[in-house]
Amino acid sequence: MDHTELIHLNVGGVMYTTTRATLCKYRDSMLGAMFMGSMMSTTDQKGRPFIDRDGEMFKYILNFLRSSKLSLPNDFKDFDLLAVEADFYQVQPLIEAINMLRDERQRDDLMTHFYVEVIEVRTGTTATMPSNNSRVKTVLAGRKDVILSLPSELVGEGASEKLQKNEGYDYVELQLNGANVRLRLAETLRNGGWHIVDTNLSSSSSLVTSFTGNTLFIEQTYRDRWRLTLPKIKKLATYM
């Protein structure tokens, strides 16, 4: 039996093309039995194997067979239907993956996620470390209510007044003053239960010519994205 053979498959009127090896990946499954020849299969009018099941759901089954990973859209809701289909095909690892992801999504539905981004921009002829010829600007970006929930000694005493001027905007940017602001923010956020989910560094440079000669100016931008996860019944302010 040639496992590299292409199979044109009709599932509930939806056509799929894959290899026999993919369909037989889990040999103890119904699909394994069908395409290894130990189980009779129905064909459509063009001679293609026909399975009288939900054709749209089968794409998730097939993707799992190809990658051994369950990949579903973030807004996917049809877990019960997909579980029924997985049970029919008897792909046990897929059944377990569906149950795990469904439980995770259900827990996630009971939680609220808050995000802030800390942006530090260093410019000067030496941008890797603040010095006499470099300038550091730190910006805190996020939802206005989230930023206002942070300690006033960190975001500044006048933060509330500044942000009120942005009336009508839920997402704002607040420039922070002081030394080592990014590090102090990280310590405060971590102690408050926040977790860093992404950080990156971008860099650019330009050559500026003046009467004293050529000077290389460098700009480095650090971006840290932080997340706080709370039960939906809790209020943000009670955790800060």
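Trainee: How many of the 240 residues of the chain, as a percentage, count as buried?

Mentor: Of the 240 residues, 37% count as buried. Buried means under 20% relative accessible area, exposed means over 50%, and partly exposed is in between, with a 1.4 Å probe and protein chains only. Please keep in mind that this is a predicted model, where local features need pLDDT of at least 70 and side-chain atom pairs count only at pLDDT 80 or more, while totals for chains, interfaces and linings use all residues. Residues are numbered from 1 along each chain as its sequence is written, and side-chain values use heavy atoms, with hydrogens and water left out.

Trainee: What makes up the secondary structure of the chain?

Mentor: The chain comes to nine helices and nine strands. Helices (H or I, at least four residues) and strands (E, at least two) are DSSP runs, numbered from the N terminus.

Trainee: Why is the contact between aspartate 80 and arginine 102 called a salt bridge?

Mentor: A salt bridge needs a side-chain nitrogen of Lys or Arg within 4 Å of a carboxyl oxygen of Asp or Glu. The closest N and O atoms of aspartate 80 and arginine 102 are 2.6 Å apart, so the pair qualifies. Aspartate 80 lies in helix 4 (residues 79-89) and arginine 102 in helix 5 (residues 92-109), so the pair ties together parts that are 22 residues apart in sequence.

Trainee: Are the two partners, aspartate 80 and arginine 102, buried or exposed?

Mentor: Aspartate 80 has 56% relative accessibility and so counts as exposed. Arginine 102, at 19%, counts as buried.

Trainee: How many salt bridges does the structure hold?

Mentor: It holds eight salt bridges. One of them joins aspartate 145 and arginine 143, at 2.6 Å from N to O. Aspartate 145 has a relative accessible area of 40%, so it is partly exposed, and arginine 143, with 28%, is partly exposed as well.

Trainee: How do you know that aspartate 224 and arginine 182 form a salt bridge?

Mentor: Their closest N and O atoms are 2.7 Å apart, so they meet the cut-off. Aspartate 224 is in strand 9 (residues 213-231) and arginine 182 in helix 9 (residues 181-191), so this pair ties together parts that are 42 residues apart in sequence. Aspartate 224 counts as buried at 6% relative accessibility, and arginine 182 counts as buried at 19%.

Trainee: Which residues of helix 9 are buried?

Mentor: Val181, Arg182, Leu185, Ala186 and Leu189 are buried there. Looking down the axis of helix 9, you find its buried residues within an arc of 135°, so they line one face of the helix. The arc is that of the directions from the helix axis to the C-beta atoms. On the face of helix 9 turned away from the buried side sit the exposed residues Leu183, Glu187, Arg190 and Asn191.

Trainee: Why is the aromatic pair of tyrosine 26 and phenylalanine 64 called stacked?

Mentor: Rings of Phe, Tyr and Trp (its six-membered ring) pair if their centres lie within 6.5 Å; planes under 30 degrees apart count as stacked, over 60 as edge-to-face and the rest as tilted. A search of the whole structure finds six aromatic pairs. In this one, tyrosine 26 and phenylalanine 64 are 6.2 Å centre to centre with 20° between the planes, so they form a stacked pair. Tyrosine 26 lies in the loop between helix 1 (20-23) and helix 2 (30-35) and phenylalanine 64 in helix 3 (residues 58-67), so parts 38 residues apart in sequence are tied together. Tyrosine 26 is buried at 17% relative accessibility, and phenylalanine 64 is buried at 3%.

Trainee: What makes arginine 53 a charge that lies over the face of phenylalanine 88?

Mentor: A charge sits over a ring if NZ of Lys or CZ of Arg is within 6 Å of the ring centre and within 35 degrees of the ring normal. Arginine 53 lies over the face of phenylalanine 88, at 4.1 Å from the ring centre. Phe88 also belongs to an aromatic cluster with Tyr16, Phe58 and Tyr89.

Trainee: What is the phi of glutamine 90, and where does this residue lie?

Mentor: Phi of glutamine 90 is near 55°, a positive value in a residue other than glycine. Most residues other than glycine have a negative phi. Glutamine 90 lies in the loop between helix 4 and helix 5, and with a relative accessible area of 37% it is partly exposed.
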